[in-house]
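Me: I am new to this structure. Take me through it in short questions and answers.

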Amino acid sequence: MFRHVFVSQSLSPLKVAFVTLLVLFGSFGVGLSASATGVANASDADAAETEESSSPIDVMGKIADHDYIESPFGKVYLPRIFWVDGQFYTYSSTKKALTSGDFIEKEGVIYRADETPITIDLSITSHLVYVWLGFILALLISLWAASRYRRGIGRTSAPKGALHNIYEILYLFIRDDVIQGYIPKEKAPRYTPLLFSMFMAIAFMNLFGLLPWAATATADLTVTATLAFVTFIVTQASGTKTYWGHIFNFPGVPLLVKFILTPVEILGLFTKPLALCFRLFANMLSGKIMIISILGLIFIFTELFGATVGIGSSVIWVSLTAVLYGLKVFVALLQAYIFTLLSAVFIGGALEEHHHEEHDVEHDDVKVMDPINA
Amino acid sequence: MELGLLAAGIGAGIIAIGAGIGIGMIGKGAVESIARQPEASGDIRGAMILTAAFIEGVALIGAIICILLALGVGG
């Protein structure tokens with residue numbers, strides 16, 4: 001039943017892959033600035049870690065951005081790249097930077113040896129690594145699916161294999177229900193690659209957070225802000241005359257009201273992507289905190305009532321965590337869906353060609369046709 | 001710091017009440033509409049999730065403020 005889809009739209013997964021690549025490298029710039037603030041936070045968390053080394057579970061340390069990624073074989077340190085007063089410094093890890101003598105650490109913040117603060121910290125951090133992983137996985141899967149569609153699998157026959165079937169179901173769901181539901185149909189193909197790659201990448205980033213050792217990149221405000229910034233730019237870039245007219249010169253209202261309405265509308269431009277990034281960030285963060293906190297109850301109970309009660313109660317907490325994990329898988333996909341949906345709604349709202357005269361006529365029609373109100 | 005914790009606790013409770021009422025009303029509306037028009041359940045579900053996401057957004061901004069209060073970031 002889906003065969004017609006890929007015949008009519010010339011190899012869309014390839015376009016998805018292409019846009020994923022674009023966004024991947026596009027995100028590099030913003031992602032770097034994201035990592036800059038992230039590292040400052042990370043060093044704060046490190047400082048806190050040394051202070052409170054007595055607590056068995058380090059909640060904030062699990063959430064914060066780090067200069068290393070955790071793996072089953074120990075910590076893998078990531079390169080540090082500093083830009084100080086027009087000069088680049090690169091080191092393979094924070095330790096190398098400090099032992100080289102060019103940089104010193106003071107209260108968790110790294111300065112150059114002459115105590116100049118770092119202008120831009122371009123270091124690669126754990127969250128940035130997982131952002132890249134998410135985008136690269138989305139890219140690879142799209143390229144793989146595109147190569148299969150090019151060979152005719154899924155076009156002349158039904159898609160084969162579980163992965164291919166899942167890809168096609170997700171793609172069609174996002175394209176038909178989410179994107180074409182809110183963006184006018186003739187313009188939807190332009191935005192499908194961007195929104196679908198966003199969906200895939202966010203879903204992967206969210207799901208990565210469920211793996212042990214891995215970090216949730218979307219539980220970092222800078223990452224979600226980068227993604228929301230992409231939506232913001234695309235929305236403004238695709239704004240029609242009607243869209244801007246509704247912001248700066250709302251039709252059909254008295255002049256005095258416009259003085260109030262225009263600032264509110266301009267504010268609305270920014271609150272939409274702001275809420276978008278906060279929603280994803282807070283959902284992923286709260287899920288992560290909740291799981292760590294519930295597991296932490298084992299240690300709190302041990303401290304309060306002794307080891308026996310602690311170990312005994314762990315049955316409850318571990319099973320509760322298991323249930324929460326199932327919920328988090330659902331939330332991870334749901335939040336990716338909601339992010340894509342709201343992006344589509346915002347872009348669709350900007351694309352709308354709307355006429356107020358028609359609106360009034362429509363209302364009159366409804367009144368006549370509605371048997372209850374007539 | 002102590003007052004910050006108190007404020008965070010009370011705030012989180014109020015957020016839960018507000019978001020609970022809001023999402024509950026959406027759920028009520030959606031279920032009633034689906035019962036009235038089962039054939040439109042797909043559209044209704046989409047609108048329900050969208051509206052719930054907006055409420056959730058406001059609630060989560062409140063939750064973040066509570067976390068900041070509890071961590072003493074606000075001073």
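Me: Is Arg80(A) buried or exposed?
Reply: The model is predicted, so to speak of local features pLDDT must be at least 70, side-chain atom pairs count only at pLDDT 80 or more, and totals for chains, interfaces and linings use all residues. Residues are numbered from 1 along each chain as its sequence is written, chains are lettered from A and ligands numbered from 1 in the order in which they are written, and side-chain values use heavy atoms, leaving out hydrogens and water. Buried means under 20% relative accessible area, exposed over 50%, and partly exposed in between, with a 1.4 Å probe and protein chains only. At a relative accessible area of 3%, Arg80(A) is therefore buried.

Me: How many Å separate the closest N and O atoms of Asp67(A) and Arg80(A)?
Reply: A salt bridge is a side-chain nitrogen of Lys or Arg within 4 Å of a carboxyl oxygen of Asp or Glu. Asp67(A) and Arg80(A) form such a bridge, and their closest N and O atoms are apart by 3.5 Å.

Me: How many residues apart in sequence are the parts that Asp67(A) and Arg80(A) tie together?
Reply: Asp67(A) lies in the loop between helix H3 (59-63) and strand S1 (68-71) of chain A, and Arg80(A) lies in strand S3 (residues 80-84) of chain A. Helices (H or I, at least four residues) and strands (E, at least two) are DSSP runs, numbered from the N terminus. Because the two sit in these parts, the distance in sequence that the pair bridges is 13 residues.

Me: What is the N to O distance between Asp121(A) and Arg80(A)?
Reply: The side chains of Asp121(A) and Arg80(A) meet in a salt bridge. Asp121(A) is in strand S7 (residues 120-121) of chain A and Arg80(A) in strand S3 of chain A, so the pair ties together parts 41 residues apart in sequence. Asp121(A) is buried, at a relative accessible area of 10%. The N to O distance of this bridge is 3.2 Å.

Me: Which residue forms a salt bridge with Arg175(A)?
Reply: Arg175(A) is buried, since its relative accessible area is 7%. The bridge is 3.0 Å from N to O, and the partner is Asp176(A).

Me: Which backbone oxygen does the side chain of Thr192(A) reach?
Reply: Thr192(A) lies in helix H7 (residues 188-208) of chain A. It is buried, because its relative accessibility is 2%. At 2.9 Å, its side chain reaches the backbone oxygen of Ala188(A).

Me: Which residues does Thr192(A) touch, not counting those up to four places away in sequence?
Reply: Contact means heavy atoms within 4.5 Å. Leaving out residues up to four places away in sequence, Thr192(A) touches Tyr171(A), Arg175(A) and Ile179(A).

Me: Is Leu256(A) buried or exposed?
Reply: Leu256(A) is found in helix H10 (residues 255-305) of chain A. With Leu255(A), Phe259(A), Ile260(A) and Val264(A), it forms a nonpolar surface patch of about 600 Å² accessible area together. At 69% relative accessibility, Leu256(A) counts as exposed.

Me: Which three residues supply 37% of the area that chain B buries against chain A?
Reply: Buried area is the accessible area (1.4 Å probe) that two parts lose on being put together, summed over both. Chain B and chain A bury about 1100 Å² between them, 81% of it on carbon and sulfur atoms. The three that supply more of chain B's share than any other three are Leu50(B), Leu60(B) and Ile64(B).

Me: How many salt bridges does the rule find across the interface of chain B and chain A?
Reply: Side chains of opposite charge can pair when their charged atoms come close. Across the interface of chain B and chain A, the number of salt bridges found is 0.

Terms used: Patches are made of residues with over 30% relative accessible area and no salt bridge: like charges are joined within 9 Å, nonpolar side chains (Val, Leu, Ile, Met, Phe, Trp, Tyr) within 5 Å. Accessible areas come from the Shrake-Rupley method with a 1.4 Å probe; for residues, only the protein chains shown count as cover. A polar contact is a pair of N or O atoms within 3.5 Å; within protein, one must be able to donate a hydrogen and the other to accept it, and residues adjacent in sequence count only if both atoms are side-chain atoms.
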